[in-house]
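Have the sequence and the 3D view open side by side while reading. The text moves from the whole chain to single helices and then to single residues.

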Amino acid sequence: MGASASHPSCGGGVTHNVRGGVVAGRGPHPKHSRAALGQTVSAEDLLSVRGDKKKRRSGLSTLKRKLVGKKKNWRAADHAKHFKENFSDKSVALLSALLEHYEVLLAMRDLKIQADLARPPAPTLQQNLENLFTMGHCPDFTLVYQGTTFPTHKSILLARCPYFKDLLLAAGSLATDLTVRLATPGVDTNMFSSLLRFLYTGEYPSQEMSPRQIDLLISLGRECGVPNLLEADLEHLYQSGDHTDCLLVFTGDKNSPHTSSPVQLSCHKAILCARSPFFRNLVARRLGAQAAERPERGPALPQPLRIVLDETVIPQKYARVLVRALYVDSIDFDLVDEKNLEIGDRVKDAMELYQIGRFLDLDILSQNCEDAIVQRLNHTNIAEVLEWSGQPYGSAWVHRQAHQFILEDFAHIALSPALERVGKETLRTVLASDFVQASEAEIVG
């Protein structure tokens, strides 16, 4: 994956591909430093000595490997032939300057790729749940330990800790608080808070603890039970549907016989509040309204919170994809309900789900969709992806990767029908770039 550029001395059919900081050719490259070129290496030797290739990889691996796999330009062998024909009689000083020029171009190109790949990381499930515990968003149960209250969420306690599960089930569904008495001696409120944090995050701050505190945690583990991995417990909570306290209703399209009936999926308020600020604000308002009505009506069995999502905002076919994405840090396109299509277009699905993620402030869903679009870039959809990602509602990150895809594979795109669908402004930008991977003959011809 090299930067390529034209040189005035090489004519229309020559491309200079810089790969790993050396000039590409059929023969080996020199192992000597540029300072010694004029003393011991001739121009012919410079074109026939091969050095070791430097492997330059970005944070997401080499972008070309990510975008277009291991596809090679079938004309690459001709580039070396043309280069040798045009430069075999040139001076060492000229070749040395040319090599230095392309090494600089390669470094600039690598910096550009790194900059284009940069984006703020989306918070993970663990980080979302830690924030839920720390900020105390929308608690529905209170634990009292040594006179200190700890706002918590019943579904998390039930799913993560056998000890608290037994206590909460024994207290009954009408209970809203519970006093905890541990048999393990020496557990203060700070240690109890660390225990609760572990249930939400799956991690203890062991580096901040003394050996005595770590021994206490081990004793607490024996008394309260050691939970599974956080991801495993949340996946089980999603799959089993245990302890659900919320109902998402996805309305259907009345004009379509396939989606006219609403779809109802059970979930947990704590997960909604942890993952999406949109749902968090909605749940907080609903819980506030219920608390205001409770003194008038008296105690009653809690009913699942019902949230209706309109088909025009969140299409019903993405209901199961969305609900699963709340519980895990991945996206499963196999859950898209394609009743009226033989084969689903996953790129179009990812585009729609990206916008749903933006609407719900569910950043991990949006970034997973961005990754899915870029991984599926090809000559067939590149023009559509460029057009979508260039819109205000599209993804600027995807737009940068799609532009890089064209730069990397322009020699093939120029021979395909995709070229006619690419916008003129994009073509101008690509052809003006120093990093387009195509020779003058491939561009003009």
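The paragraphs below start with the chain as a whole and then turn to its parts.

This is a predicted model, in which local features need pLDDT of at least 70 and side-chain atom pairs count only at pLDDT 80 or more, while totals for chains, interfaces and linings use all residues. Residues are numbered from 1 along each chain as its sequence is written, and side-chain values use heavy atoms, with hydrogens and water left out.

The chain holds 21 helices and nine strands. Helices (H or I, at least four residues) and strands (E, at least two) are DSSP runs, numbered from the N terminus. Of the 445 residues in the chain, 47% are buried. Buried means under 20% relative accessible area, exposed means over 50%, and partly exposed is in between, for a 1.4 Å probe and protein chains only. A contact means heavy atoms within 4.5 Å. Among the contacts in the chain with a separation of 6 or more, 68% are between residues 24 or more positions apart.

Which residues of α8 are buried? In this helix, residues 162-171, they are Tyr-163, Phe-164 and Leu-168. These residues lie on the same side of α8 because they cover an arc of only 120° around the axis; the arc is that of the directions from the helix axis to the C-beta atoms. The face turned away from the buried side carries the exposed residues Asp-166, Leu-169 and Ala-170. The cover over the buried residues of α8 includes the strands β4 (141-145) and β6 (177-179), together with the helices α7 (154-160), α9 (189-201) and α10 (211-224). After α8 comes Gly-172, which has a positive phi near 90°.

Gln-146 sits in the loop between β4 and β5 (148-152) and is exposed at 54% relative accessibility. Asp-361 has a positive phi too, near 60°. The loop that holds Asp-361 runs between α15 (346-360) and α16 (363-375), and Asp-361 is partly exposed at 36% relative accessibility.

The next topic is how helices pack. Two packed helices are described by the angle between their axes and the distance between the axes. Here the axes are lines fitted to C-alpha atoms, for helices over the stretch in contact, and angles run from 0 to 180 degrees between N-to-C directions. Angles under 35 degrees count as roughly parallel, over 145 as roughly antiparallel, 65 to 115 as roughly perpendicular and the rest as oblique.

Helix α18 (residues 396-413) and helix α20 (residues 424-432) have axes that come within 10 Å and cross at roughly 55°. α18 is therefore oblique to α20. His-403, Ile-406, Leu-407 and Phe-410 of α18 make the contact with Thr-426, Leu-427, Thr-429, Val-430 and Leu-431 of α20. Leu-431 of α20 is partly exposed, with a relative accessible area of 43%. Leu-431 and Leu-407 are 24 residues apart along the chain, and their C-alpha atoms are separated by 8.7 Å. Leaving out residues up to four places away in sequence, Leu-431 touches Phe-410 and Ile-443.

α18 also packs with helix α5 (residues 92-117), at an angle of about 150° and with the axes 9 Å apart. This makes α5 roughly antiparallel to α18. Among the residues that meet are Arg-109, Lys-112 and Ile-113 in α5, and Trp-397, Arg-400 and Leu-407 in α18.

Ile-356 belongs to helix α15 and is buried, with a relative accessible area of 4%. Val-313 is 43 residues from Ile-356 in sequence, yet the two are 7.7 Å apart in space, C-alpha to C-alpha. The residues touched by Ile-356, not counting those up to four places away in sequence, are Val-313, Ile-314, Pro-315 and Tyr-318.

The last topic is the cysteines. A disulfide is a covalent bond between the sulfur atoms of two cysteines. How many disulfides does a search of the whole structure find? The search finds zero, where a disulfide is a pair of cysteine sulfur atoms within 2.5 Å. For Cys-246, the nearest cysteine sulfur is that of Cys-267, 4.1 Å away. Cys-246 is buried at 2% relative accessibility. The sulfur of Cys-273 has its closest cysteine sulfur in Cys-138, at 3.5 Å, which is too far for a bond. Cys-273 is likewise buried, with a relative accessible area of 0%.
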